[in-house]
Amino acid sequence: MVDDASSPGSGPQDGRTEAPDTPAGAGPDTVNVARSPARGWPEDDQGIADWTDVYFKRTKSAVHRFGDCEVTYAVFMRRPVISAPRLALDWLHDVAARRGFEVELDVRHPEGTWVGAGEPILYITGPLSQLVDLETILLGKLGPPCVAAYNAYTMCSDLPKVAFLAMDARHCAGTEMADLMAYAAHVGSDRAKREVNATGFVANATDATAHYFGQSAGKGTMPHAFIGYAGSTVRAAELFVEAFPEEPLVVLVDYYGREITDTLDVCRRFPEKAQSGGISIRIDVAGSRFMEGMDPATSYAVLERNCPQCIRGYRTEDELRYLVGAGTSAAAIWRMREVLDQHGFAQVKIIASSGFGPAKCRVMAAASAPIDVIGTGSYLPEKWTETYATADVVEYDGKPSVKLGREFLLRK
C-alpha cells in the first residue's frame, strides 16, 4: 500500500524559483525503461544481517521475544535536497514482499520535488520486527542520491542550453554507488527540464545505467590513452574514424598540450565532417597548466572581448580560477570558439570536462561560455557528511512518540 501525500516545503534557500512539486507527467514513470538492480544490494536475511548495525539486530531479536508492535518511521535529511527515493523504496518493497509483510508509505515529497532541511521526505509504517534491521541499508540508498540530484539540478538549471553527459562511474565506490548516482543525475536533470526547459543530462558513459537517460547503451569515444597509443591526435582521429565510421568524431585535444594546433589539424584532416557538424572537440586541460597560447593576461583579454561583464564584479579565488586560471577555464573555452570560428569551423562543437560541478557551472553561466556538451561526474556530493539521511520512529501502535528534540518529525 502506497499513500503519497504532499505537504508544503520550505522552498529553495538560494533564490531559485520553486516549480510546482507535482507537474503532470513528472515522477518515476517519466522514463519508461527497465531497470536491473545493481549488484551488492542485499535482499535475503543473511545479506541484510551482514550489512546492518548490530544494535538494530539486537532490537529485532528482543522484539521477537517480548512482542511486536506497529511503528512509523520519519525519514529526513539535514540540508535541502531534491527527493530521490525510488531506488531505496524499490528495495524496501522487494524485501517486504520476500518477507511477507505489509509496508505503508506516506511519501510527502515525491521524486524530483524540493525538500527543505529537516522536513520528513516520507513516513514508513510496518511491524518493528521487520523494519528495524532495514534502516542502515535503506538510508544509505536514500541520502546520497538526494544530494547528487540537487547538484545535477542546479548544474542543468544554470546552463539550460548545454547537454550533459554523466561520467560518474569512474568516481564511484563500486557498482551500487554508480547506480545511485546515475539515477540521481536523471532525477535532478528531469526537474531542470520541467522547470526551465533545460537540455539536461542526455546520456551517460556506461551501459548498465544508460536506461536512466532513455538510452539503450552508454556513450563515449576515446580516452587519453587512445591518443597516446596512436602517437598523435590526428592519427587517433584517423584510427577512430576507420574503426567506427558511423560514430560522431569526438577528439581529446589536450594530450600534447597543443589544443589549438591539434584542433585545427583534425578539422583540416576531416573538412567534410567539420563542416557538417560531425566533429566535436573535447577540452580537458589539466589544472596544472594553461591551454596552448593562454596565460592570465591573455585569458583576461579573451573574456574582455567576449563577456566583459563576468570579470567586472567581485570574484572569489575559485571563481577566478574557473574564469581565467589554468585548466579548462571559461577563457580557454572562449578562445577555442574564437579560433574555430576564425578558421571557418563554426559547426565544430565544444565539449568541456574536468571538475564541472555546481560552482564551476555557475561561473560558466556567468561567462556565457560557448559550451555545447559537458562531460562530468562532479555532481557527486563533495561533503559526504551532508548525504546522511536519518530515520526516527515517531509512532508506536499509532501513538505519537519521538525522542526529545525531534518533535518536528511528528506527523501532522
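These notebook entries record what I looked up in one predicted protein model.

**Ground rules**

I worked from a predicted model, in which local features need pLDDT of at least 70 and side-chain atom pairs count only at pLDDT 80 or more, while totals for chains, interfaces and linings use all residues. I counted residues from 1 along each chain as its sequence is written, and side-chain values use heavy atoms, with hydrogens and water left out.

**Entry 1: cysteines**

A disulfide is a covalent bond between the sulfur atoms of two cysteines. I took it as a pair of cysteine sulfur atoms within 2.5 Å. How many disulfides does this rule give? The count is zero. I checked C146: its sulfur lies 16 Å from the closest cysteine sulfur, that of C172, which is too far for a bond. I also looked up burial, where buried means under 20% relative accessible area, exposed over 50%, and partly exposed in between (1.4 Å probe, protein chains only). C146 is buried at 0% relative accessibility, and C267 is buried with a relative accessible area of 0%.

**Entry 2: nonpolar cores**

In soluble globular proteins, nonpolar side chains tend to be buried together. I defined a nonpolar core as a set of buried Ala, Val, Leu, Ile, Met, Phe, Trp, Tyr and Cys residues joined through side-chain atoms within 4.5 Å. The largest has 121 residues, and I124, L249, L303 and Y379 have the most contacts inside it. Helix α5 (residues 135–158) gives the most to this core, with 13 residues. I note that helices (H or I, at least four residues) and strands (E, at least two) are DSSP runs, numbered from the N terminus. A second, separate core of six residues includes A74, Y123, V402 and L409.

I then followed L249 through its contacts (heavy atoms within 4.5 Å). Leaving out residues up to four places away in sequence, L249 touches, among others, M222, F240, V266, F270 and I279.

**Entry 3: empty space**

Rolling a probe the size of a water molecule over the atoms shows where empty space is left. On a 1 Å grid over the protein atoms alone, a cavity is a set of points where a 1.4 Å probe fits but cannot get out; a pocket is an open set with protein on both sides within 12 Å along at least five of seven lines; lining residues have an atom within 4 Å of a point. Grid points are joined across faces, edges and corners, and a volume is the space filled by probe spheres set on the points.

I found one cavity of 30 Å³ or more. The largest cavity has a volume of about 90 Å³. Its lining includes W91, I124 and E135. I sorted this lining into nine nonpolar residues, no polar and one charged, where Ala, Val, Leu, Ile, Met, Phe, Trp, Tyr, Cys and Pro count as nonpolar, Asp, Glu, Lys and Arg as charged, and the others, Gly among them, as polar.

The largest pocket holds about 660 Å³ of space. Of its 29 lining residues, L165, G220, T221, V250 and I351 are the closest to its centre. The lining has 16 nonpolar, seven polar and six charged residues.

**Entry 4: two single residues**

Is A365 buried or partly exposed? A365 counts as partly exposed, at 29% relative accessibility. I located A365 in helix α14 (residues 358–366).

D44 lies in the loop between β1 (2–4) and α1 (45–51). D44 is partly exposed at 40% relative accessibility.
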